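Here is a colleague's note for someone opening this structure for the first time. Please read the points in order, with the model in view.

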Amino acid sequence: MPNRRGFIGAGLTLMASPAFAAASDPVVTTSHGRIRGVREGGLHVFRGVRYGQNTAARRFRAPIAPAPWRDVRPAVAFAPSCPQKAMQAATSEDCLFLNIWTPGTQRQAKRPVLLYIHGGAYSNGSVVDPLNDGRHLAGRDVVVVTVNHRLNALGYLYLAALDPRFADSGNAGQLDLILALRWVRENIASFGGDPANITVFGQSGGGAKIATMMAMPAAKGLFHHAITMSGQQVTASGPINAARRTAAYLTKLGVSPTDLTPLLTMPVARLIDGLDAVDPILGGGLYMGPVLDMRWLKRHPFWPDAAPQGNAIPMMLGNTRDETRAFIDPDGPLIRGLDWANLPGRMAGELRMDLPPEWIVAQYRAHHPDWSAERIFYAATTAGRSWPGQVIEAEARARAAAPTWVYQVDFQSPTQPRRGAPHTMDIALAFGTLDAPGSFTGTGAGARAASAAMMDRFLAFALRGDPNGAGLADWTPYRLDRRSTMIFDIDSHMADDPRGWEREIFAQVPYIQPGS
């Protein structure tokens, strides 16, 4: 395991000249040197704060802290994101940067800290996205941090079984996040934050990364509360399947498994092209994700039970009501011409639970005879694909009597009505970025009400590890006798076991997480 000094980052940034610094710009001393941010709308904002060295020189290996410096480094512009298949404004292997929004830098303020990890599974995504802007949350007297890290092959290609130089390779992306959390613990007091009160929250893949860290001993004690938004990780990738994916990847690149040296000098664009290799387990492009390597990750996060390490951490879990309406185009080939005859066949390929699709359709028609084929398609694929992980995690924590609260986003998109309450709906609601590109919420009164309710609960949770507080209706913890769930909508409210019959249908068979 790397020593402590080798695992703590500090601040640095790109793309700004000290010559243009204003006298009122905030300057903060971090553990490795001073950085200069900007004042925006009553906040102090620091963008592109380095927490780890350039990873180009350390491909597939654990991150290390940057060297100290003597001058004042500007932290006024977003740094590049990790190279990936998805389009980003700028990418580079030099991507270990975070961003901070704070009301002030007085150490005595000791504000709660909310640290956000982006989605995009483990292969794509970035916090350099207007949806993830922290200004609205920070304006409520908290410190907001957003973090980028290594993704896809750069963060999760499993090479440990082939070359001892890369013993950390299958979980390098996770180790980046742990390094970032160590940086926050050491430095956030200088930004007005409380290092003893850190809440991690993440959407989709970001939530899955959090669930995984809850089972990683190296992450123990680095955060105090956790929120996963449509993002669960029940089982990690097994090393045998991970090795099969590595073999397919190396074949695509023409690299011998007995000599991995070419991977260290190959242009990063070629490394990303290698992701087009056919996944030997799932088909399609290669899956990359955390690996049960028995070095950094020694057990599955939520199998056969909730990892005991995480059970003392208060946790909030949530999903949106119509997750798959984000993935499956309502005007695409699976929906176009959909009818009762072809519904089971079209639905089958989108399920992750191995039940007869004809039987599933019959259950839905019996419960909701007025529903259309399209509505059943989206409801069943959500319940049999995107929702099971959250149910499994909540139930496992309930059995362990761990402090757990569950939510469901029902707010329907007014700007794209056929999308309903899709995957990613909760990002804009939680950040208050309703008008940002990519938001499904619109900016009307209903969206503002749903967002206010969600932000109130996130902030209460960050303050004390409990989403209840003065002036808020009681949100009952999740227990197996009631399965209490907060419904976020125009009029947010509690419900016991919403969609209980759907939960029971899909609980009849095992859930094997894709990529495991």
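1. Glu-374 and Arg-418 join their side chains in a salt bridge, at 3.2 Å from N to O, where a salt bridge is a side-chain nitrogen of Lys or Arg within 4 Å of a carboxyl oxygen of Asp or Glu. Because Glu-374 sits in helix H10 and Arg-418 in the loop between strand S12 (404-409) and helix H12 (425-431), the pair ties together parts that are 44 residues apart in sequence. Helices (H or I, at least four residues) and strands (E, at least two) are DSSP runs, numbered from the N terminus.

2. This is a predicted model, in which local features need pLDDT of at least 70 and side-chain atom pairs count only at pLDDT 80 or more, while totals for chains, interfaces and linings use all residues. Residues are numbered from 1 along each chain as its sequence is written, and side-chain values use heavy atoms, with hydrogens and water left out.

3. Glu-374 is partly exposed at 21% relative accessibility, and Arg-418 is partly exposed at 36%; buried means under 20% relative accessible area, exposed over 50%, and partly exposed in between (1.4 Å probe, protein chains only). Both residues belong to a network of salt bridges that also links Arg-325 and Asp-331.

4. The structure holds 23 salt bridges, and one of them joins the side chains of Arg-140 and Asp-456 at 2.6 Å, N to O. Arg-140 lies in the loop between helix H1 (135-138) and strand S8 (143-147) and Asp-456 in helix H13 (residues 445-464), so this pair ties together parts that are 316 residues apart in sequence.

5. Of the 105 residues in the largest nonpolar core, Leu-98, Val-145, Met-213, Phe-223 and Tyr-364 touch the most other members; such a core is a set of buried Ala, Val, Leu, Ile, Met, Phe, Trp, Tyr and Cys residues joined through side-chain atoms within 4.5 Å. Helix H3 (residues 172-187) gives the largest share of this core, eight residues.

6. Not counting residues up to four places away in sequence, Phe-223 touches Leu-181, Ile-198, Val-200, Met-213, Met-214 and Ile-313, contact meaning heavy atoms within 4.5 Å. Another core, of 41 residues, lies apart from the largest one and has Leu-137, Val-409, Leu-429 and Ala-447 among its members.
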